[in-house]
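Reader: Hey, I've got some time for a new structure. Can you put it up and walk me through it?

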Amino acid sequence: MNRTHARITASVYSSHVPAIGAALDLGKSGNEYWAPLFKGYDRSRQWMKENRPDVIFLVYNDHATAFDLNFIPTFAIGCAAEFQPADEGWGARPVPKVVGHPELASHIAQSVIQQDFDLTIVNKMDVDHGLTVPLSLMCGQPDAWPCPVIPFAVNVVQYPVPSGQRCFQLGQAIRRAIESYDQPLNVQIWGTGGMSHQLQGPRAGLINSEFDNAFLDQLISDPAAQARVPHIDYVREAGSEGIELVMWLIARGAMADVAGGPAPRLVHRFYHVPASNTAVGHMILEEQ
Ligand code: DHB
Ligand code: FE
């Protein structure tokens with residue numbers, strides 16, 4: 001049967017850390033400190049080559065780069081034709097510009113807003129390490145990213161931030177939006193940020209491997225239960241920046257099993273400490 005509409009083929013989850021981008025850009029990915037981290041993504045880069053999507057819907061957070069305290073959208077969808085890597089203080093990363101998909105992004109905005117989620121439409125924005133580092137980890141250092149990317153920014157920086165439950169429900173709405181797009185595109189949805197880390201205050205440097213691995217277990221097996229976990233648990237157990245993990249629930253909420261379909265297949269799971277101040281977690285779930 002010829003497909004007429006878009007579908008979600010897989011969800012990908014990955015931490016972001018600016019130092020990972022710097023290690024790659026400065027040619028240090030093979031050294032003693034970084035090699036074990038990048039090794040954990042070897043299989044993923046191969047998988048990306050074999051399962052190249054038409055579009056990546058990339059859920060990430062901006063770190064006061066495109067948005068600042070003047071303007072704090074809870075959920076913002078990038079509808080532009082392209083997005084430039086941001087200057088985060090040491091110049092922009094030497095990575096390709098991000099080519100968007102304005103037609104699909106606009107369709108998703110229309111559908112998701114009609115499903116009662118208030119998205120901010122963004123027609124011009126730069127993208128920081130929250131978006132470019134997961135792309136680098138999954139795609140390496142190509143001259144151009146392998147496909148268009150729709151940036152979807154979530155506020156997990158300035159309180160109040162959205163709950164895990166809200167993120168999980170939003171993922172379900174995004175799935176319905178993608179499946180109602182009348183072009184037969186293969187779309188991956190990525191959830192990024194996390195895992196446990198805290199960058200400031202008396203608990204700076206906090207890592208909680210037990211919490212992180214329990215999160216990964218439950219995200220796979222019972223995402224609805226994970227969605228009920230309140231913020232305070234993330235912040236207490238995984239550190240102030242551990243709250244970035246709620247973004248993974250958007251990608252997980254978009255998988256078929258949440259809509260009554262078959263469970264996804266776990267293709268790859270990886271966990272590594274240390275990477276700068278952050279525990280790095282990574283997972284690929286493929287639709288059956
Ligand atoms: C680090 C981690 C982050 O998530 C971030 O946005 C900035 C820095 C770190 O571990 O250094
Ligand atoms: Fe971050």
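Author: One term before we start: accessible areas here come from the Shrake-Rupley method with a 1.4 Å probe. On that basis, the protein chain has about 12,000 Å² of accessible surface, and 50% of that belongs to carbon and sulfur atoms. Bear in mind that this is a predicted model.

Reader: Ok. How many helices and strands are in the protein chain?

Author: There are 10 helices and 10 strands. The radius of gyration is 17 Å, close to the 19 Å from the globule rule for 288 residues, so the chain is as compact as a globular protein of that length. Its C-alpha trace spans about 50 × 40 × 40 Å along the principal axes.

Reader: And what share of the residues is buried?

Author: Buried residues account for 55% of the 288. As for contacts between residues at least 6 apart in sequence, 81% of them join residues at least 24 apart.

Reader: Switching to the metal. Which protein atoms are the donors of the iron ion (ligand 2)?

Author: NE2 of H16, NE2 of H63 and OE of E244, at 2.1 to 2.2 Å from the iron ion. Along the chain the donors follow the spacing H-x46-H-x180-E. H63 and E244 link distant parts of the chain, being 181 residues apart. H63 is in the loop between β2 (55-60) and β3 (75-78), while E244 is in the loop between α9 (231-238) and α10 (248-253).

Reader: Is E244 buried or exposed? And what about H63?

Author: E244 is buried, with a relative accessible area of 4%. H63 comes in at 24%, so it counts as partly exposed, given that buried means under 20%.

Reader: Now the backbone. Which peptide bonds are cis?

Author: One joins Y159 and P160, with omega about 5°. P160 sits in the loop between β7 (149-154) and α6 (164-179). Another runs from G194 to M195, omega near -10°, with M195 in the loop between β8 (186-192) and α7 (209-221). Most peptide bonds are trans.

Reader: Last one: how far apart are the mean positions of the positive and negative charges?

Author: They're 5 Å apart, for 20 positive and 29 negative charges.

Methods:
Residues are numbered from 1 along each chain as its sequence is written. Chains are lettered from A and ligands numbered from 1 in the order in which they are written. This is a predicted model: local features need pLDDT of at least 70, side-chain atom pairs count only at pLDDT 80 or more; totals for chains, interfaces and linings use all residues. Side-chain values use heavy atoms; hydrogens and water are left out. Donors are N, O and S atoms within 2.8 Å of the metal (3.2 Å for Na, K and Ca); water is not among the atoms, so sites may look incomplete. Helices (H or I, at least four residues) and strands (E, at least two) are DSSP runs, numbered from the N terminus. Buried means under 20% relative accessible area, exposed over 50%, partly exposed in between (1.4 Å probe, protein chains only). The radius of gyration is taken over C-alpha atoms; the globule rule is 2.2 Å times the number of residues to the power 0.38. Contact means heavy atoms within 4.5 Å. Lys and Arg count as positive and Asp and Glu as negative; His and the chain ends are not counted. The place of a charge is taken as NZ of Lys, CZ of Arg, CG of Asp or CD of Glu.
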